Amino acid sequence: MTEWIDACATDDIDAEDLIRFDHGGATYAIYHAPDGDFFATAGKCTHEDVHLSNGLVMDYVIECPKHNGQFDYRTGEAKRAPVCVNLKTYPVKVEGGRVFIQVA
Amino acid sequence: MSKRDYSLLGPDGARAVATGLAAAEWYHTDVPRKEMKALMQRSDAPAIRDTLLLFGLMAGFAGIGIYLWPSWYSAPFWLAYGVLYGSASDSRWHEAGHGTAFKTPWMNNALYEVASFMIMRNSATWRWSHARHHTDTYIVGRDPEIAIMRPPAFAKLIAAFFGLPDVAAFFPRMLYNAFIGVHPSEKTFVPESEWPKVVRVARISTAIYAATFALALWMGSILPLMVIGLPRLYGAWHHVMTGLLQHGGLADNVIDHRLNSRTVYMNPVSRFIYWNMNYHVEHHMFPMVPYHALPRLHAAIKHDLPAPNTSIAQAFAEMWPALKRQLASEEYFLKRDLPATAKPYREDFHLAALGAAPAAAE
Ligand code: FES
């Protein structure tokens, strides 16, 4: 069953940045894009077991802090070696200044 | 501990995986997120300046070398050209490979391809090998880039100053890749989608070296090889000198870069050639920080690091005797004191990796 989870307040994340969000034994990354939109992906890189939350957001790309692999966090697409496997993405909605993500 | 086995398929690597030493969570100095974000910011300007300077100097030195050839007066110009070709290419390959040299991706890729050619590394293959060095830095049996194994092989280290082991390994592999295909050992770490690129890059390199050889034969002179190829031998010494200092004589099988990496203050010329990789603890702790921001990162975290070596000579004076001691005892390594402001070393896996105690629970 899918459910919407209240993850954080919109102003918890600076523009062009991300935070880590843990829920139900899983870890997620929530992004605040430069145009103001919010996105969510799996919290760890698909290359190795590394949290993306210490990485760098540049426009719509998240760069992993370990080996500089890059993903488009809107689609999860792997953009730069050494990442080859796409990142899982999750639907996001913003209501009343809160960011919700829909997890399975 | 029994003799170290550096093979990536040997028992030391297997033990590192079993104990959790491999792919472990490494120590990081705390840096506020805002400050770290500022340090990680990318920029094109410093690398455009440095790249124009590098290739401008190379063209100038090679031009004067050719003009004065075959007089011995050309020698200093070839030596200067050689260091830029055979050593600065290593740091450019490294930084562009991380994608941190420029902000613009195509600029990183262009510099990466040219630098890979000069340093004689297949650009498609080598993109994949450096990642492991960052995951498992100086973990025996896991890190494929351990420059000084224990006990140290001094003859090989000295030969490396002239580029000999690297060049001797490069040409047979280039021809294998160009005419036969991807080597079975490369297939273990290069994704299949990249195999055609490995072959294409090897064929382009083969064509360039063949044309250079043909020109040298036609001219009856080694002059073309002085420009392409040979500088990887006569100019290698600087990148080997700085490269050995990165981890030489320090701990292995630890998960704290302060124990296994060395930061050395260097003169500005060496820092240009080495592109600030003298801040090596800082680079390993935070590989997302571009070369031009490493001095700022150093200032931000030096309270938590052992005191840097004060010069290349002073660092060698510290490292060389330690290497000699490792001839007699593989277990010996230098452990530098931390300042009073630093957090203690993380040594939880160290004894376990040496086979002396169970791994500490994470
Ligand atoms: S762990 Fe993310 S790129 Fe390697």
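Predicted model: local features only at pLDDT ≥ 70, side-chain atom pairs only at ≥ 80, totals over all residues.
Residues are numbered from 1 along each chain as its sequence is written, chains are lettered from A and ligands numbered from 1 in the order in which they are written, and side-chain values use heavy atoms, with hydrogens and water left out.

**View 1. Chain A, built from strands.** Chain A has 11 strands and zero helices. Helices (H or I, at least four residues) and strands (E, at least two) are DSSP runs, numbered from the N terminus. The C-alpha trace of chain A spans about 40 × 30 × 20 Å along its principal axes. Its radius of gyration is 13 Å, in agreement with the value near 13 Å for a compact globule of 104 residues; the radius is taken over C-alpha atoms, and the globule rule is 2.2 Å times the number of residues to the power 0.38. Of these 104 residues, 52% are buried, meaning under 20% relative accessible area, with exposed over 50% and partly exposed in between (1.4 Å probe, protein chains only).

**View 2. An open sheet in chain A.** Here four strands line up in the order 2-3-4-9, with antiparallel pairing. Strand 2 (17-23) and strand 9 (89-90) are the edge strands, each pairing on one side only. Two strands count as paired if DSSP finds at least two bridges between them. Inside this order, strand 3 (residues 26-32) and strand 4 (residues 38-42) are joined antiparallel over five bridges. Look for Ile30(A), which stands opposite Ala40(A) in strand 4. In a regular strand the side chains alternate between the two faces of the sheet.

**View 3. Strand 11 of chain A and its partners.** Strand 1 (residues 3-9) pairs with strand 11 (residues 98-103) in the antiparallel sense over six bridges, and Ile5(A) faces Ile101(A) across this pair, standing opposite it. Strand 10 (residues 92-95) also runs antiparallel to strand 11, with four bridges between them.

**View 4. Chain B, built from helices.** Chain B has 19 helices and zero strands. Its radius of gyration is 21 Å, close to the 21 Å that the globule rule gives for 362 residues, so chain B is as compact as a globular protein of that length. Along its principal axes, the C-alpha trace of chain B spans about 65 × 40 × 40 Å. Buried residues make up 54% of the 362 in chain B. Among its contacts between residues at least 6 apart in sequence, 70% join residues at least 24 apart; a contact means heavy atoms within 4.5 Å.

**View 5. Gly82(B) and its surroundings.** Gly82(B) sits in helix 4 (residues 75-98) of chain B. With 0% relative accessibility, Gly82(B) counts as buried. Setting aside neighbours within four places in sequence, Gly82(B) is in contact with Ser87(B), Pro231(B), Tyr234(B) and Gly235(B). Pro290(B) is 208 residues from Gly82(B) in sequence, and the two are 25 Å apart in space, C-alpha to C-alpha.
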